[in-house]
Amino acid sequence: MVKHAAASVGLGHHHLQKRWLLALLLMLSVSTVIAFFIRAAFDSCDRNVSGADSAVNGIASARNAIQVADKRASQIAAANPSPLSFMKSKIVLLVSHELSLSGGPLLLMELAFLLRSVGAEVYWITITKPSETDEVIYSLEHKMLDRGVQVFSAKVKEAIDTALKADLVVLNTAVAGKWLDAVLKGDVHRVLPKVLWWIHEMRGHYFKLDHVKHLPFVAGAMIDSHVTAEYWKNRTREHLKIKMPETYVVHLGNSKELMQVAEDSVAKRVLREHVRESLGVRNEDLLFALINSVSRGKGQELFLRSFYEALQLIKEKKMQVPPLHAVLVGSDMSAQTKFEMELRDYVMQKKIQDRVHFVNKTLTVAPYLAAIDVLVQNSQARGECFGRITIEAMAFQLPVLGTAAGGTTEIIVDGTTGLLHPVGKEGVTPLAKNIVKLATHVERRLTIGKRGYERVKERFLEQHMAERIAGVLKEVLRKSKNKSH
């Protein structure tokens, strides 16, 4: 049975603005800060603008901003004890299949920092690493070391010893299961009773028995949405002939840092101005964005078709609306993928180059959320396991146009905090109509955005996520303790 966890781009011309913008960016989530230093800020494929000079000039200002934010966070923490405080002095081993700027590893890093903040002893293992030095991995590992997370190789004896003595072992993503046999070998049975398996995937190719054969014997599975949990339950039973362990659904939450920017009207105005200037989009224009890695499963192609259809509808009916623009954040021209070239060819064929903008992939999402008017979440097939960008957009009081699939249906209340449309080609025209609907009804657009923000405040904050995770960890620790006696 599935349980719900307990408690349920350009940089402007003014030097001072440049310095303040950097300071704001540095106050965002861990992943945002790291991505900012790794990539040039707001590096759009339309205009290659480097943020390096601004970064150098803004270091002092950024440090001051961080100190102020840290002091404020400490005061808030003192007044509101963490629901994870019972984890103090507990030994926790976190096992990640990779260390990258993708959702799974960064989410596990957030858990590591939450646990460290209450005094847990946290260790980190990355299963797969490239043979050559990787700048991203180096930066992420040092960020963890700076926060007191101990990092070591997945195959050294220290990893085995830590797994055996740990109070809790968290396997992150389905493919992390291969580490159990490869490293622990004969000691697997001693570790399984204290394993919490955190699963984010919702694609069929992850269902390999070699990866998940130990699932029935772990203390529990934690999954980001009810629909994903149900999918795993049915898929493992029907295709792999194994049974899921007790499964807990934990909806994610927005970080305090992101909420701080989302609720700062001055910060949002500055970010909006800079991003729009870099794209060549005026303040009064309407900007629709899809923020996700560029791939067929994320639905960029279908979104562009809907956007073009919306432009045609507006033209045919001679509607009086501001110019519409679309931005795809998540591009990767260095890879030159066939799919991305198809997207660009489509834009050229339809002669909408002045309305569609491609921006390099980045995790500095807050500036783009401040700059746009509507977020489009167009993931296809089974949709997103959860889709954190949706609640991040709602925090910025943005209406969301999402596919009626996956975790999106557990976030968006159709017609109230967003508008849903079908997946696949059947969803192209409904999405186009929803784009027009929000373009022509300003009051409705603003009302939906406001209600989305209220929903975030009710259930999708970091505190809510911490409470839900705390309920799961208490249960897993209790089971582990009972089996050890």
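1. The model is predicted, and local features were considered where pLDDT is at least 70. The remarks that follow should be read on that basis.

2. Helix 5 (residues 103–117) and helix 6 (residues 135–146) have axes that come within 11 Å and cross at roughly 15 degrees. Because angles under 35 degrees count as roughly parallel, helix 5 is roughly parallel to helix 6. Their crossing is left-handed.

3. On the helix 5 side, Leu106, Met109 and Phe113 meet Leu140, Lys143 and Met144 of helix 6. By class, five residues of this contact are nonpolar, none is polar and one is charged.

4. Helix 14 (residues 300–316) and helix 19 (residues 428–440) have axes that come within 8 Å, with a crossing angle of roughly 55 degrees. The two helices are therefore oblique to each other, and the crossing is right-handed.

5. Helix 14 contributes Leu302, Phe303, Arg305, Ser306, Phe307, Glu309, Ala310, Leu313 and Ile314 to this contact, while helix 19 contributes Val428, Thr429, Leu431, Ala432, Ile435 and Val436. The contact of helix 14 with helix 19 comprises eleven nonpolar, two polar and two charged residues.

6. In helix 7 (residues 157–165), Ala159, Thr162 and Ala163 are buried. These residues lie on the same side of helix 7 because they cover an arc of only 100 degrees around the axis. The partners of the buried residues of helix 7 include strand 2 (91–96), strand 3 (121–126), strand 4 (150–153) and strand 5 (168–172), as well as helix 8 (178–184) and helix 9 (188–191).

Note on methods
Residues numbered from 1 in each chain as written. Predicted model: local features only at pLDDT ≥ 70, side-chain atom pairs only at ≥ 80, totals over all residues. Heavy atoms only, no water. Axes fitted to C-alpha atoms, helices over the stretch in contact; angles between N-to-C directions. Helix = DSSP H or I, 4+ residues; strand = E, 2+ residues; numbered from the N terminus. Parallel < 35°, antiparallel > 145°, perpendicular 65-115°, else oblique. Left-handed = near helix turned anticlockwise from the far one by under 90°. Contact = heavy atoms within 4.5 Å. Nonpolar A, V, L, I, M, F, W, Y, C, P; charged D, E, K, R; others polar. Buried < 20%, exposed > 50% of the residue type's maximum accessible area, 1.4 Å probe, protein only. Arc of directions from axis to C-beta.
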